[in-house]
Every structure is written in C-alpha cells, then in structure tokens.
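My notes follow the order in which I checked them.

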Amino acid sequence: MPGPRGRRPATGGRPRVVYGITVPQSAATLLRGQLGWFRTQGWDVHLVTSPGGPLDAVVDRERVTVHRLPMARETRPLADLVALVRWVVLLRRLRPDVLNVGTPKAGLLGTLAGWLARVPVRVYVMRGLRLQGARSRGQRAVLWAAERLSVGLATDVVCVSHSLREEATALRLFGRRDRPVVLAAGSSNGVDPGRWDPGFSAADRDAVRAGWGAAPGDLVVGFVGRVAFDKGVQDLLAAFGPLTDLPVRLLLLGPVEDEELRGAITALGERVTRIEDWTFDLDHVYVGIDVLCLPTRREGFPNVVLEAALAEVPSITTTATGARDSVVPGVTGWLVETGDVDGLATAIRACVADREGVRVAGRAARARALSDFRPTTIWSGLEQLYRSGSPTPPGSRSASRNG
C-alpha cells in the first residue's frame, strides 16, 4: 500500500494516522465511525485525547489504539507545556505518516508537536472559531494568534463549512500559501442514517410527547445542545415569551452553562420542558419534536441540524458562520438574522400556522442529509487528502500546502 504523499509507511506496509482531539466527549461525537472506517481501510489508527468521560465506549466502538494525554480546554501555561512535551515524545515514538487534529487546544498542541516531530502530513480540522465568542479584545487576540499558529503549522487545513472558510479568510487566518479545503457540502463527519433510523422506528412519538406534557395539537420546538449565550438560547427564550396565544411548547435539552439563563427559563413556566441530563442517544428526542431551533451565535457546522433532518425535522437557525450552511432557506428550514428575536418569533408563528409546510420541509431536510452528508463522502475525501493532498468527492476544492 503506497504511503501518504508517496512516503513509505513506517508500520510494515500500513500507513499510520494519529488523531488528536481535546476531550473524549468530542471524540465520541465528532469522530464517530471515522476512526473505525480508517482502520478497515488498512490504516494503523491512534487517538490522542484526555482521559475520562466516554473514552472506554470510544475504544470499544472504534477498536483503535488510544493514548490518554491530559489537555486543559482553557489556557494553563504550565499544564499546556507539559502536554506539549508529552505530545512530542509520543509522536516521535509513533512516527505517524499523518496527524489529524481538531478542537482548539488539541489543534494547537498537536500541530506544534507535529511540526517539531516532523510528521510529514499535518491536517488541522477547523471546526469553528472560538474567537468569535471572545468577551474581550485581549482574549480575542490570544485566540486569533492560537488559531493562526495552528493553521501555519499544518500542511493542510480542512474547514467544516464554506462559510467558516470565508469567515476565517476575512479574519486573515490564512497565509498566501494556505489552501483550505471544504469536503463536499461540509460538516465534520457527515450523518449516518444507519445509526439513527432504527431508533426513530422504535420510538413512540405520542408517548414521548405526552411525557413532555405536550398536548396532541402542540407544535413542539426543540433546542438540543449547551444552554449557553453563544448558542443564542437567550434569544430563543425572549422570542418564546410572548407566544402565549399559540399552541406551542419548548423543549430544552442540554446542560446549563450560563447560570444567568435559568431565570428566563423559569419565567416560561409550564410551557417549557427541561432535560438537563445529556445523552448521546437522541433519537427519541428528534422523533418527538416538530421543529428544531438553533439560534446560535457561532458554529462550525451544526451536527444537530443533520441529525434532526434524518428524523424529517426541519430547523430554524441563524445566519451565523456555519449555521447558515446547514439549511436551504424555505426548503429544508428557515434562516433568521443572528440575534433577531422578532425574526425567531415570526418563524415559530409561521410553523404553527403551516403544519403541512413544516412536514414538507422535514422531508426535504432528510433528502438533503441523505444525498449531501454521507459520512463516507467525508472520510474518503480525507483519505485522498492524506495520500495526495487532493480530496476528490464532488464539491471539494483541493490544493494543499506541503510542509
């Protein structure tokens, strides 16, 4: 088997790829199926991530070698230096042909260690821009510098959406030699109907909705994710407040990260159902809701929109980076301007008034998810990038920078 970019594999004929991601929760979701697929394609696959969480489940599912390397999500100079040294030692021992890293901390430490260890192919997967959520100029400057360094030390950059690449370009995160690619229609890992469809078929929609306290005629609007300001939950709550004249219920599923939001949630009273215990098995949730609402302020590419689409649930989302790539306005969902509370309320009212239109949009959303976001499209594009620097799936735009 030829090695990546013509290099002879260091593992007796099997090319070796090392994936790096900061926390195991991200590995469980963002890399689901991808690691195992590369293993079946003949790669020697290793995963580097922090210990704990669902890591054992990832090992059982993907059947790859895991290296537990603590990484702090926040900036901690001493701990980050220790983690960097461990990264370099590990990479020099493994001598991988390819390094694939993503999420801010693993992206920075991994690309720096990969450059120091002279890994020939260093792929940085840009899954979003954390700097867009910075709360001060100083923090924004630090996050910009870290992102620019990750890009500069990589040989190839993959952006998970076209709008993310456009925004990163506008922020001058790419140099003249950088040629960031978007694989097909985007997303970090696609969406697998084989994972979701059995759960959808087994779920009892009426029983699920009754458990939430929803009446048979209610339109259930669902939010799935971190209940946080950067997800725009405050805008959703503000939009939902005045809709007391409508048969509509709000489902909020996810942990509360910004405690200031609890008061606004409580103010909605019995019109909101809260589920704080996070689960990776959300099939019964998507089956029970009529419309997904993601009023986010920033994204890379929202996976929840694709997951809901498989259940024939359309989405209301915003024009924020990444989010606007996830729906076709007026076809598979609705777009409102980021932070537009009145626009969110208007979109929800429109869904209440046109239930058949919601169902039509849901069917179109599923059709698009099946045609444009197959996981194997993303994975095969990555493999082509690893080997030649030219991803080949339809919609990809190649041109890598070898370092």
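**Entry 1: Ala27.** I started with the neighbours of Ala27. Leaving out residues up to four places away in sequence, Ala27 touches Ile21, Arg32, Leu47, Val58 and Arg61. Contact here means heavy atoms within 4.5 Å. Ala27 sits in helix H1, residues 24-30. Helices (H or I, at least four residues) and strands (E, at least two) are DSSP runs, numbered from the N terminus. Is Ala27 buried or exposed? Ala27 counts as buried, because its relative accessibility is 0%. The cut-offs are under 20% relative accessible area for buried, over 50% for exposed, and partly exposed in between, with a 1.4 Å probe and protein chains only. I also checked Ala27 against Gly128: they are 101 residues apart in sequence and 16 Å apart in space, C-alpha to C-alpha.

**Entry 2: ground rules.** This is a predicted model, in which local features need pLDDT of at least 70 and side-chain atom pairs count only at pLDDT 80 or more, while totals for chains, interfaces and linings use all residues. Residues are numbered from 1 along each chain as its sequence is written, and side-chain values use heavy atoms, with hydrogens and water left out.

**Entry 3: the whole chain.** I noted 16 helices and 12 strands in the protein chain. The radius of gyration is 21 Å, close to the 22 Å that the globule rule gives for 403 residues, so the chain is as compact as a globular protein of that length. That radius is taken over C-alpha atoms, and the rule is 2.2 Å times the number of residues to the power 0.38. Along the principal axes, the C-alpha atoms fill a box of roughly 65 × 45 × 40 Å. Of the 403 residues, 56% count as buried. Among contacts with a separation of 6 or more, 70% come from residues 24 or more positions apart.

**Entry 4: the sheet.** Which strands form the open sheet, and in what order? I read 6 strands in the order E9-E8-E7-E10-E11-E12, with parallel pairing. E9 (272-275) and E12 (333-336) stand at the edges with a single partner strand each, so one side of each has no neighbour in the sheet. The twist averages 20° from one strand to the next. Two strands pair if DSSP finds at least two bridges between them. E11 (residues 315-318) and E12 pair over 4 bridges. I found Thr318 opposite Val336 in E12.

**Entry 5: helices across the strands.** H10 (residues 233-240) lies across E7 (219-224), E8 (248-253) and E10 (291-294), at about 160° to E8. H13 (residues 303-310) lies across E7, E10 and E11, at about 175° to E10. Axes are lines fitted to C-alpha atoms, for helices over the stretch in contact, and angles run from 0 to 180 degrees between N-to-C directions.

**Entry 6: cysteines.** How many disulfides does a search of the whole structure find? I got 0; the test is a pair of cysteine sulfur atoms within 2.5 Å. The closest cysteine sulfur to that of Cys293 is in Cys351, 9.0 Å away, too far for a bond. Cys293 is buried at 1% relative accessibility. Cys159 is buried too, with a relative accessible area of 1%.

**Entry 7: positive phi.** Most residues other than glycine have a negative phi. Ala184, not a glycine, has a positive phi of about 55°. Ala184 lies in the loop between H7 (162-170) and H8 (193-202), and is buried at 8%. Glu312 has a positive phi of about 65°. Glu312 lies in the loop between H13 and E11, and is partly exposed at 39%.
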